[in-house]
Amino acid sequence: MFRRLLISRVSSGALTVSRSTASPALVRCFSAHPALQKKASKPAKSKHVNKKAAAVDEEPLAEEDPSKVLKELEKQMSDSLEQFKKRLAETKQGAANPSVFDNLDVPVGHGETQPYVAVAQTAIKGRNLIITVFDPANVKHVVSAVLASGLNMNPQEVPNFPQQLKVPLPAPTAEHRKEIAKELKKDFEHFKQSPSKHSLSSARAVALKDLKSYVKNDTVKKAEKEVEKLHKKFLDELQKQLKAAEKSVLS
């Protein structure tokens with residue numbers, strides 16, 4: 001407690017000193033200052049934030065049933081297999097391309113010509129190209145255009161179908177067969193492990209990535225093994241289709 005000295009002069013000329021207690025209003029209590037109380041009550045700010053824990057709170061883990069991932073994977077691989085079969089069929093045709101005549105000009109009489117695609121269309125059936133002429137009057141003109149094309153192809157009339165022509169395809173040479181076999185292997189590699197979304201390796205990678213978002217337990221571990229089984233199953237089927245295609249081309 002603070003005290004003050006009071007100095008007074010008495011009549012005798014001497015000085016007297018007395019002590020007086022200070023007024024309570026003059027006493028300052030530093031510990032009760034509002035600013036200090038506010039500062040003291042504020043908790044210390046942590047410099048380290050657990051980002052991993054925050055991420056878990058914000059993004060809850062997926063449910064623990066991975067069957068949806070497996071179903072989607074099997075569907076995607078089945079689609080890839082079907083596309084591979086179609087690609088093999090197209091590659092085996094080699095020069096048997098239905099658009100082989102599309103750039104021809106067909107003389108339709110009176111000195112006029114029309115593009116082939118305006119008067120006819122071509123499809124493939126076995127080892128033959130089948131030409132369908134839109135107007136029966138232009139059948140002979142289409143025959144003349146094909147014979148003059150230098151493609152070494154001979155259109156033949158189809159009995160009972162006056163607007164159709166059959167064009168037998170020449171037998172491929174041994175060298176040509178080998179080239180087709182090489183193309184078949186390229187198709188196989190594309191569907192096996194290319195970056196394309198249609199490849200088996202891409203589908204497998206996506207499925208395994210999806211399973212990482214699940215809580216790691218026995219069910220998920222089993223699902224990961226099922227992914228590998230599905231990948232092997234469809235890869236074996238791809239190889240089977242390739243061998244069959246190579247055999248049909250080289251034999």
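Reply: Helices (H or I, at least four residues) and strands (E, at least two) are DSSP runs, numbered from the N terminus. This is a predicted model, in which local features need pLDDT of at least 70 and side-chain atom pairs count only at pLDDT 80 or more, while totals for chains, interfaces and linings use all residues. Residues are numbered from 1 along each chain as its sequence is written, and side-chain values use heavy atoms, with hydrogens and water left out.

Me: In which helix is the place of Gln93, and is Gln93 buried, partly exposed or exposed?
Reply: Gln93 belongs to helix H3. Buried means under 20% relative accessible area, exposed over 50%, and partly exposed in between (1.4 Å probe, protein chains only). Because the relative accessible area of Gln93 is 24%, this residue is partly exposed.

Me: Which residues does Gln93 touch, not counting residues up to four places away in sequence?
Reply: Contact means heavy atoms within 4.5 Å. Gln93 and Gly126 are 33 residues apart in sequence, yet their C-alpha atoms are 9.0 Å apart in space. With residues up to four places away in sequence left aside, the contacts of Gln93 are Pro98, Ile124 and Arg127.

Me: What is the order of the strands in the open sheet of four strands?
Reply: Two strands pair if DSSP finds at least two bridges between them. Six bridges join S5 to S6, and five join S6 (residues 128-133) to S8 (residues 161-168). Strand S5 (120-125) and strand S7 (156-158) each have a single partner strand, so one side of each is left without a neighbour in the sheet. The pairing is antiparallel and the order is S5-S6-S8-S7.

Me: Which residue in the turn of the S5 and S6 hairpin has a positive phi?
Reply: S5 and S6 run antiparallel, and Gln121 has Thr132 in S6 as its bridge partner. Two residues lie between the strands of this hairpin, and the one in the turn with a positive phi, of about 65 degrees, is Gly126.

Me: Is His231 buried or exposed?
Reply: His231 is found in helix H8, and, not counting residues up to four places away in sequence, it touches Met77, Leu200, Ser201 and Arg204. Because its relative accessible area is 17%, His231 is buried.

Me: How do H6 and H8 stand to each other, roughly parallel or roughly antiparallel?
Reply: Axes are lines fitted to C-alpha atoms, for helices over the stretch in contact, and angles run from 0 to 180 degrees between N-to-C directions. Angles under 35 degrees count as roughly parallel, over 145 as roughly antiparallel, 65 to 115 as roughly perpendicular and the rest as oblique. H6 and H8 pack at an angle of about 170 degrees, with their axes 9 Å apart. The two helices are therefore roughly antiparallel.
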